[in-house]
Amino acid sequence: MRSSLTLVGTLWAFLSLVTAVASSTSYFLPYWLFGSQLGKPVSFSTFRRCNYPVRGEGHSLIMVEECGRYASFSAIPSLAWQMCTVVTGTGCALLLLVALAAVLGCCMEELISRMMGRCMGAAQFVGGLLISSGCALYPLGWNSPEIMQTCGNVSNQFRLGTCRLGWAYYCAGGGAAAAMLICTWLSCFAGRNPKPVMLAESIMKNTNSYAMELDHCLKS
């Protein structure tokens, strides 16, 4: 089965899949920020958290050691994290759609032309830009009470206090940067230009098919 991608296009499809999976996986994992509360390790992403305090008997706080998402969108600790959730999720969805089309282009002939590849590269740039914007918005939420309790009550916007950034945050940002810089550039050379002979044959085939349908319609 002939591919619609060049050799560079095959590399582009592979890198597109890798960057999309890396960014999307990091988006769903609650390991963007690490801290501690009541002597237990705590981690956050934009809409998920691992380990949280609840009221026990005698109104004392105990830590529930499990991971989960917030009960509702409005329960996310800050407006900045709510915006980050939407923006980053949109960017990841865009990268995944482009990656899926790129992988299909490795197996299907005439699916991705040179112009189509460049348009998909532009979509990757937008997706990477959205994820990067989400990563930039994330530190704006470090002044929320929930984060301050985890970071020694000394955290603020762009100041972590006793917390530290997790590997998922760097992975999401790295995937976005690779999509914007490397994948966008490779997409310019990904698709095959249609050969003049093949293009002429395609036009003639479509013309003959239309003429036959028109003749059949007139006779009937």
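This is a predicted model: local features need pLDDT of at least 70, side-chain atom pairs count only at pLDDT 80 or more; totals for chains, interfaces and linings use all residues.
Then I went through the pairs. β1 (residues 33-37) and β2 (residues 40-44) run antiparallel over 5 bridges, and G35 has V42 as its bridge partner in β2. The two strands make a hairpin with 2 residues between them, and L38 in that turn has a positive phi of about 55°. On to β2 and β3 (residues 48-55): antiparallel again, over 2 bridges, with a hairpin of 3 residues joining them. I noted R49 in β3 as the bridge partner of F44. β1 also pairs with β5 in the antiparallel sense, over 2 bridges, where L33 stands opposite L165.

**Cores**

Which residues touch the most other members of the largest nonpolar core? I got W32, L33, F44, W81, Y138, W142 and I147, out of 31 residues in that core. I looked up who contributes: α1 (7-28), β2, α2, α3 and α5 (167-186) each give at least two residues. The largest share, 6 residues, is from α2.

**I112**

I112 lies in the loop between α2 (79-105) and α3 (114-137). Buried or exposed? I112 is buried, at a relative accessible area of 3%. Beyond four places in sequence, I112 has contacts that include S4, L5, W12, A101, A102, G191 and R192. I also took a C-alpha to C-alpha distance: I112 and G9 are 9.6 Å apart in space and 103 residues apart in sequence.

**Cysteines**

I found 2 disulfides. C50 is joined to C67, S to S 1.8 Å, and with 105° about the S-S bond this link is right-handed. The pair connects distant parts of the chain, C50 in strand β3 and C67 in strand β4, 17 residues apart. C50 counts as buried at 5% relative accessibility, whereas C67 is partly exposed at 41%.

The other disulfide joins C151 to C163, S to S 1.9 Å. Why do I call it left-handed? The torsion about the S-S bond of C151 and C163 is about -100°, so the disulfide is left-handed. C151 and C163 both lie in the loop between α4 (145-150) and β5, so the pair ties together parts 12 residues apart in sequence. C151 is buried with a relative accessible area of 0%, and C163 is buried with 8%.

In sequence order, the bonded cysteines pair 1-2, 3-4. C84 is in no disulfide; its nearest cysteine sulfur is that of C135, 6.5 Å away. C84 is buried at 0%, while C119 is partly exposed at 44%.

**Confidence**

Last, I looked at pLDDT. The protein averages 87, and 86% of the residues score at least 70. Where does pLDDT stay under 50? I found residues 196-200, for which the model has 2 contacts beyond four places in sequence.

Definitions and conventions: Residues are numbered from 1 along each chain as its sequence is written. Side-chain values use heavy atoms; hydrogens and water are left out. pLDDT is the predictor's confidence in each residue, from 0 to 100. Contact means heavy atoms within 4.5 Å. Helices (H or I, at least four residues) and strands (E, at least two) are DSSP runs, numbered from the N terminus. Buried means under 20% relative accessible area, exposed over 50%, partly exposed in between (1.4 Å probe, protein chains only). Two strands pair if DSSP finds at least two bridges between them. A nonpolar core is a set of buried Ala, Val, Leu, Ile, Met, Phe, Trp, Tyr and Cys residues joined through side-chain atoms within 4.5 Å. A disulfide is a pair of cysteine sulfur atoms within 2.5 Å.
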